[in-house]
Amino acid sequence: PYSEQVVCALRFFYREVLKTDWEVRHIPYQKTGRRLPEILSPEEVAALFKATGNLKHRTLLMTMYSGGLRASEVTRLRVSDIDRQRSVIRIEQGKGRKDRYVMLSSYLRAVLQEYEHAVHPTTVLFPSRAGGGPLSPRSLHRIFQRARRGARITKHVYPYSLRHAAATHLLESGTNLRVIQLLLGHRSLRTTQLYTQVAATQLQGTPSPLDRLPDLPSLPPNTR
């Protein structure tokens, strides 16, 4: 098996450089295992925000979680993307070059109002210190990891984990999977179905076969 980068390079070489009719689709991609993400609980997400003392950084992380945004989407947000009249946030040219809207929570609206009154952003909602352009992915990573350490969270999580958490918590609260797909901007529902494998409600609502066995050994009273 080849790495995905090598396969893509070979396909481009044969199709675009050599102009051959050879079936490049027969070049196999490397088969990789699929790992489920570690999911932050609602309590851990709240602790993450409380551990973020910087108003700008806290508002940034809250916005990412509230709308289930990708890192690139939250850092590129503009002040004009916040539509308070319709209570939505406009995500322009997200992954796949598609526009979409996500909900603007009433709590986040108040936080954004406090943030804008204190920071006065003009174009980019969360500008970097240097030049006022969007924050870099590295800066966002540092902000998140500082908050994670402050909240004493030991799970293997990163900024994208806020998007995972948002989708999982929506599913656990009963939100339709199709609605979650639209909010996240997934092209395929199969991508969104990943969260059915990590949602606690899906797991806790399924009784274990162990609990159905008859005549199990009695447990000591202090363990029940």
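Visitor: What is the relative accessible area of Tyr 65?
Guide: This is a predicted model, in which local features need pLDDT of at least 70 and side-chain atom pairs count only at pLDDT 80 or more, while totals for chains, interfaces and linings use all residues. Residues are numbered from 1 along each chain as its sequence is written, and side-chain values use heavy atoms, with hydrogens and water left out. Buried means under 20% relative accessible area, exposed over 50%, and partly exposed in between (1.4 Å probe, protein chains only). Tyr 65 counts as partly exposed, because its relative accessible area is 21%.

Visitor: How many aromatic pairs are there?
Guide: Rings of Phe, Tyr and Trp (its six-membered ring) pair if their centres lie within 6.5 Å; planes under 30 degrees apart are stacked, over 60 edge-to-face, and the rest tilted. By this rule the aromatic pairs number two.

Visitor: How many residues apart in sequence are the parts that Phe 49 and Tyr 65 tie together?
Guide: Phe 49 and Tyr 65 pair edge-to-face, at 6.1 Å centre to centre and 65° between the planes. Helices (H or I, at least four residues) and strands (E, at least two) are DSSP runs numbered from the N terminus. Phe 49 lies in helix 2 (residues 42–50) and Tyr 65 in helix 3, so the separation in sequence of the parts they tie together is 16 residues.

Visitor: Where is the Phe 126 partner of Tyr 115?
Guide: The rings of Tyr 115 and Phe 126 form a tilted pair, with 5.3 Å centre to centre and 35° between the planes. Both residues are buried. Tyr 115 belongs to helix 5 (residues 106–119), and Phe 126, 11 residues apart, to the loop between helix 5 and helix 6.

Visitor: Which backbone nitrogen does the side chain of Asp 81 reach?
Guide: Asp 81 sits in the loop between helix 4 (71–75) and strand 1 (82–83). Its relative accessible area is 4%, so Asp 81 is buried. At 2.8 Å, its side chain reaches the backbone nitrogen of Arg 78.

Visitor: Which element gives the most to the lining of the second largest pocket?
Guide: On a 1 Å grid over the protein atoms alone, a pocket is an open set of points where a 1.4 Å probe fits, with protein on both sides within 12 Å along at least five of seven lines; lining residues have an atom within 4 Å of a point. Residues of this lining include Asn 54, Lys 56, His 57 and Arg 146. Two or more residues come from each of helix 3 (55–67) and helix 6 (137–150). The most, four residues, come from helix 6.

Notes. Polar contact = N/O pair within 3.5 Å; in protein donor to acceptor, adjacent residues only side chain to side chain.
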